[in-house]
Structure formats: C-alpha cells, structure tokens
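Colleague: I have the model open and want to go through a few local spots with you. Can we start with the backbone?

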Amino acid sequence: MIKKFSLCALAVCSAVSGISAYAADDNYQLEQVLMMSRHNLRAPLADNGSALAQSTKKAWPQWDVPGGQLTTKGGILEVYMGHYTREWLAQQGLVKEGECPASDDIYAYANSLQRTVATAQYFITGAFPGCDIPVSHQDEMGAMDPVFNPVITDGSEAFNKQALTAMNSAGEKLTLKPAFQRLEKIIDYKNSPACNGKKECDLSSDNQNKFSADNGKEPGVSGPLKVGNSLVDAFTLQYYEGMPLDQVAWGQIKTPEQWKELSAIKNAYQDTLFTSPDVARDVAAPLVDYIRSMLVDEDKANAPKVTLMVGHDSNIASLLTALDFKPYTLPEQNERTPIGGMIQFQRWHDKKNNQELVKVEYVYQSADQLRNATPLSLATPPKRVMLEMNGCKTDANGFCPWDQFTQVLNKAIQGTPMAVAQPEAAAPAPAPEATAPAPAAAGGKPADKVAADKAAADQAAADKAAQAKASADKAAEDKAAADKAAKEKAAADKAAADQAAKEKAAKDKAEKETAESKNNAPQAEKPQGANATGDADKTPASNG
C-alpha cells in the first residue's frame with residue numbers, strides 16, 4: 001500500500017524569478033521528464049554514539065535533527081531546487097507558469113525514509129506552491145522500498161564470488177594512503193577509542209578492507225574505507241550546513257585541495273561497492289525496470305509529464321553504471337553524487353525530423369551554493385552537465401535516438417529477474433528411462449543438487465523482483481486512484497458551482513423584477529398635512 005501526503009504550504013520563501021538565460025530551440029519540444037534525485041542535506045548517518053565517536057576523542061557538533069534525517073536547511077535547499085526546476089519546465093513549455101498542473105501531469109514517488117519523503121515534499125512546495133500534489137511512498141516508514149533498495153538479488157555462489165572479485169580488485173587499485181594519513185591527523189586516530197589497547201592502529205595500512213556481497217543485503221565493506229567514508233561524509237555535511245569553518249572538521253581542512261583529497265575516500269567507498277558492472281546491474285535492476293516502465297511501457301498520452309523520484313546516492317551510482325554511462329566530472333563539486341543532485345531523463349520531440357530523442361543531464365548544486373543556500377532561478381541556476389551512454393551516441397546538443405535509449409534500458413535488466421516479462425513454456429517431461437544417477441558437477445556436488453540450488457536462488461531472486469514490481473505497480477495504481485478521485489472531486493465542485501451560479505442568477509432576476517414592478521406602480525396621493533419631506537405628522541397614537 002502506498003501512502004500519499006500533501007504539502008501545500010511551508011514557512012519557506014521561494015527565490016525571486018530571474019530572467020531566462022537561454023531559450024529552447026523551436027525545432028525541439030520537451031514532452032516528458034523523469035528526475036531521479038538524491039535526497040537533500042541530512043544529519044550524519046553515523047551518530048555520536050557509534051562510528052564517529054569511536055574514531056576520535058574530539059567532540060562532534062550537535063545537529064537540529066536525529067542522524068539521517070533531512071535538516072531544516074536541507075528543506076530550504078530543496079525548495080530552491082524545486083523553484084528553479086519549475087521555471088525551467090515552464091521555459092520549455094512543459095508546464096504553465098503561475099498555474100497548478102493537472103493532477104495526472106505530475107507524479108512524485110520517494111523511498112519510504114524521512115529524508116527522502118521530506119525532500120520530495122519540499123521540492124513539490126518549491127515547484128508548485130499552493131498546489132495539492134501528493135508524494136507517494138510505502139505505508140511503512142523507515143523500511144526500504146524494493147524499488148529503491150540497492151541489495152544483492154542474485155544469491156548464487158557464482159555471483160557472490162564474481163561480486164567479491166570485482167570489489168576487491170577495485171579496492172586494490174585505490175591510492176588513498178595520503179588521504180587516510182591526513183584524516184588520521186585530523187581526528188587524532190591513534191588516541192581514539194577505536195585504538196584503545198592496540199599497539200598498532202591506523203587507517204592507512206594496506207589490505208584492511210573486507211568486502212561483502214550477501215544475498216538480500218547491500219554490498220558492504222568493513223575497515224578503513226567504511227570508517228573514512230563516515231568521517232568525510234560528516235565533515236562534508238557540516239560544510240554544507242553552514243557551520244563556522246573553525247567547527248567544520250575542527251578547522252583542520254583549510255584548502256580546496258585538501259577537500260578534494262579527502263573526498264576521494266568517500267567517492268571510493270561508493271565506487272567500490274556500487275559501480276562494478278555486475279553488482280550495479282544486479283542492485284539497480286528494480287530501479288531501472290521502474291524507470292523503463294514510466295518512460296517506455298507507459299502510454300505517452302497518459303504518462304505523467306513530470307516524474308520525481310527521490311532516493312539515495314547508491315541508487316544514482318548503480319543506475320549510472322547499469323546504464324553504462326561514460327565517465328563524467330561535476331565542476332565545483334567534490335562528490336560524485338552530490339546531495340540534492342538529480343539525473344534528468346528528458347524525452348524530446350524533434351519536430352523537423354518527426355522523431356523522439358532523449359537527453360540526460362546531471363543537475364546539481366555546487367558546494368558553495370549548498371553552503372551559502374543560494375536561491376536558484378533561471379538567472380542563478382544550479383549546475384548542469386550532459387551525460388552520455390556508451391550505447392546511445394549523442395549529437396552536439398546532447399540528444400540520442402529514443403530507440404537506442406530503449407535498447408540500453410532493456411539491456412540493463414537482461415539476466416536479472418526483471419527481464420522475465422512472460423512465463424516460460426513448461427519444459428518437456430523427462431523420458432521414463434532417464435533414471436540413472438546425475439553426474440557430479442564441478443566442486444564435487446551432484447548436478448541435480450547444483451540445479452536445485454540454482455533453482456532456489458532463482459526463485460528467491462524472482463520473489464524479490466516480484467515484491468519490487470508489486471510495490472511499483474501499487475504506486476501506479478494509487479496514483480491512478482488519486483487522479484480519478486481528484487477528477488471526480490473537480491467535476492462535483494464544478495457542478496456545485498454551476499448550480500450555485502444558476503440559483504444566484506434566478507434570485508437576482510427575481511429581485512430585479514420585483515424592484516422594477518415597484519418602480520412602475522402608480523404613486524399614492526400624499527395625505528393632507530404631510531410635511532415637505534413626505535414624513536407623516538408626528539401625532540401621538542390614540543388610546544384605546
């Protein structure tokens with residue numbers, strides 16, 4: 001069951017509209033946009049009682065919300081992003097400025113955590129203030145929605161080995177020793193609770209990271225990479241929150257070069273876990289399939305013009321790898337998947353050549369825009385970087401043919417449970433004489449045991465895929481129901497308004513006719529003794 005919330009008003013001011021910085025080409029018309037966004041600014045995930053406190057004796061600053069929740073400033077930043085996006089959509093002719101869009105034109109869908117749902121609500125408030133646009137999500141808050149949950153779905157032993165090999169290979173190629181040495185100095189790691197009683201304790205020694213790829217869980221790592229990610233993440237969030245610079249990392253990150261060096265730890269954590277091709281395709285399959293259903297399977301005439309999806313950095317990192325995007329850089333940002341950033345999948349119509357095209361852009365706020373809470377508009381926009389998929393060659397304007405994009409989406413889910421669209425035909429029954437014991441497979445297991453294990457793993461993966469599909473389908477069903485209810489309410493309101501107008505018109509007509517009748521009636525002759533003003537003599541009433 002998907003629950004919908006409306007957020008029609010917040011005590012946050014939108015940015016003042018700016019002048020358009022560029023105009024759309026008349027040959028191209030934007031017809032649909034799907035935005036896959038990371039949530040905005042949150043408090044650190046590792047609270048003061050866990051990883052952060054164990055890593056240093058130094059006191060961590062207090063936040064205005066519990067760990068992992070969207071901060072007040074994060075809400076403001078998302079309002080600004082929504083405001084800018086509305087201006088951009090209006091500039092491209094997809095929505096009308098100053099009007100609430102039709103109920104079925106905009107669809108917002110978020111993972112069922114506070115920071116993702118709240119981000120979507122703030123975005124909608126900034127983009128469509130005063131409009132009753134719900135945010136869809138699972139009923140159970142705090143539980144990951146299968147569409148957004150980047151967990152391993154292939155439980156086979158072969159895949160586990162393949163995933164671990166890829167992660168370890170990526171980990172061995174990291175060159176982060178200078179960054180970890182700087183981090184150790186900042187936090188005084190040797191004197192931390194984590195090093196208590198240990199003769200040797202550091203984060204910069206080689207081969208300390210241990211990776212995991214367990215079925216039903218997110219890809220994981222223990223060791224310096226995990227600790228370093230938590231620490232650099234906390235420092236980055238302090239900077240974005242606007243804390244005084246002498247409080248950000250206790251004033252010990254002083255130059256852009258130092259920020260870049262330390263941010264490499266956080267980026268490496270994400271890359272080693274979520275961007276090896278096999279792992280990315282496995283964990284991103286439910287998300288890719290949902291995006292494909294909205295952009296390809298949905299009838300273009302009935303599909304929402306604007307879809308907002310709000311998830312996590314792991315969603316974006318695995319999605320970009322699963323769709324085989326070429327390497328990219330984000331100017332004025334150290335994060336590869338910045339807070340509040342979004343991947344925009346744009347469907348355009350080329351009127352001149354009568355063909356459908358796709359353009360994909362990364363839209364994000366720079367580090368300074370986040371720290372300074374810069375209001376966004378067409379005059380002061382966020383950053384935009386065009387992206388390109390290896391299987392979808394772009395032209396000079398960033399467009400690639402829609403059919404090639406469709407092929408990329410289909411290829412990304414091949415070999416995953418999401419690719420099973422139709423039930424397979426039943427296999428013929430084995431011949432009666434086939435009763436000999438099955439031969440042993442590699443590793444000493446009987447072939448029938450291997451087949452049984454594979455069947456069980458396939459069934460588990462199919463079950464997970466079905467759960468993700470059911471969640472997505474339910475979201476679509478609830479949206480359709482809400483749209484129908486909104487239309488019925490609008491029709492009822494219109495009928496009531498029409499009836500009220502008719503009744504008022506009839507009443508006004510009757511009053512007018514009564515007034516005209518009185519005006520046309522002959523005037524009675526004034527009685528004797530009437531004064532000059534027409535008032536009767538003020539004589540006392542008679543007794544009796």
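Colleague: Is A249 buried or exposed?
Modeller: A249 counts as buried because its relative accessibility is 1%. Buried means under 20% relative accessible area, exposed means over 50%, and partly exposed is in between, using a 1.4 Å probe and protein chains only. Bear in mind that this is a predicted model, where local features need pLDDT of at least 70, side-chain atom pairs count only at pLDDT 80 or more, and totals for chains, interfaces and linings use all residues. Residues are numbered from 1 along each chain as its sequence is written, and side-chain values use heavy atoms, with hydrogens and water left out.

Colleague: Where does A249 sit, and what is its phi?
Modeller: A249 is in the loop between α6 (224-241) and α7 (256-274). Its phi is positive, about 55 degrees, although A249 is not a glycine. Most residues other than glycine have a negative phi. Helices (H or I, at least four residues) and strands (E, at least two) are DSSP runs, numbered from the N terminus.

Colleague: What about A373?
Modeller: A373 also has a positive phi without being a glycine, near 50 degrees. A373 lies in the loop between α10 (367-372) and β10 (383-387). A373 is classed as partly exposed because its relative accessible area is 21%.

Colleague: Switching to salt bridges. How many are there?
Modeller: The count is 15. A salt bridge here is a side-chain nitrogen of Lys or Arg within 4 Å of a carboxyl oxygen of Asp or Glu.

Colleague: Which partner does R38 have at 3.7 Å, N to O?
Modeller: That is D313, through its side chain. This pair links distant parts of the chain: R38 is in strand β2 (residues 28-38), D313 is in helix α9 (residues 313-322), and they are 275 residues apart. Both R38 and D313 are buried.

Colleague: And which residue forms a salt bridge with R38 at 3.3 Å?
Modeller: E335, with 3.3 Å between the closest N and O atoms. E335 lies in the loop between α9 and β8 (342-350), while R38 is in strand β2, 297 residues apart. E335 is buried, as is R38.

Colleague: What does D233 pair with?
Modeller: D233 and R42 meet through their side chains in a salt bridge of 3.1 Å, N to O. D233 lies in helix α6 and R42 in the loop between β2 and α1 (51-55), so the pair ties together parts that are 191 residues apart in sequence. D233 is buried because its relative accessible area is 8%, and R42 counts as buried because its relative accessibility is 4%. Salt bridges that share partners join R38, R42, D233, K266, D313 and E335 into one network.

Colleague: On to helix α5 (residues 177-187). Which of its residues are buried?
Modeller: A179, F180, L183, E184, I186 and I187. They are on the same side of α5 because they cover an arc of only 160 degrees around the axis. The arc is that of the directions from the helix axis to the C-beta atoms.

Colleague: What covers the buried residues of α5?
Modeller: The cover includes α1, α6 and α7. Contact means heavy atoms within 4.5 Å. Just after α5, D188 takes a positive phi of about 55 degrees.

Colleague: What does T307 touch, beyond its neighbours within four places in sequence?
Modeller: T307 is in contact with V33, L34, M35, Y107 and M294. T307 is found in strand β7 (residues 306-311), and T307 counts as buried because its relative accessibility is 0%.

Colleague: And where is W88?
Modeller: W88 lies in helix α2 (residues 72-91). W88 is 290 residues from L378 in sequence, yet the two are 6.8 Å apart in space, C-alpha to C-alpha. W88 is buried because its relative accessible area is 3%.

Colleague: Last topic, cavities. How many are there of 30 Å³ or more?
Modeller: Two. On a 1 Å grid over the protein atoms alone, a cavity is a set of points where a 1.4 Å probe fits but cannot get out, and lining residues have an atom within 4 Å of a point. Grid points are joined across faces, edges and corners, and a volume is the space filled by probe spheres set on the points.

Colleague: What lines the second largest cavity?
Modeller: V358, K359, V360, L387, E388, M389, T394, G398 and C400. Strand β9 (residues 355-364) supplies the largest share, three residues. The second largest cavity holds about 30 Å³ of space.

How values were computed
On a 1 Å grid over the protein atoms alone, a cavity is a set of points where a 1.4 Å probe fits but cannot get out, and a pocket is an open set with protein on both sides within 12 Å along at least five of seven lines; lining residues have an atom within 4 Å of a point.
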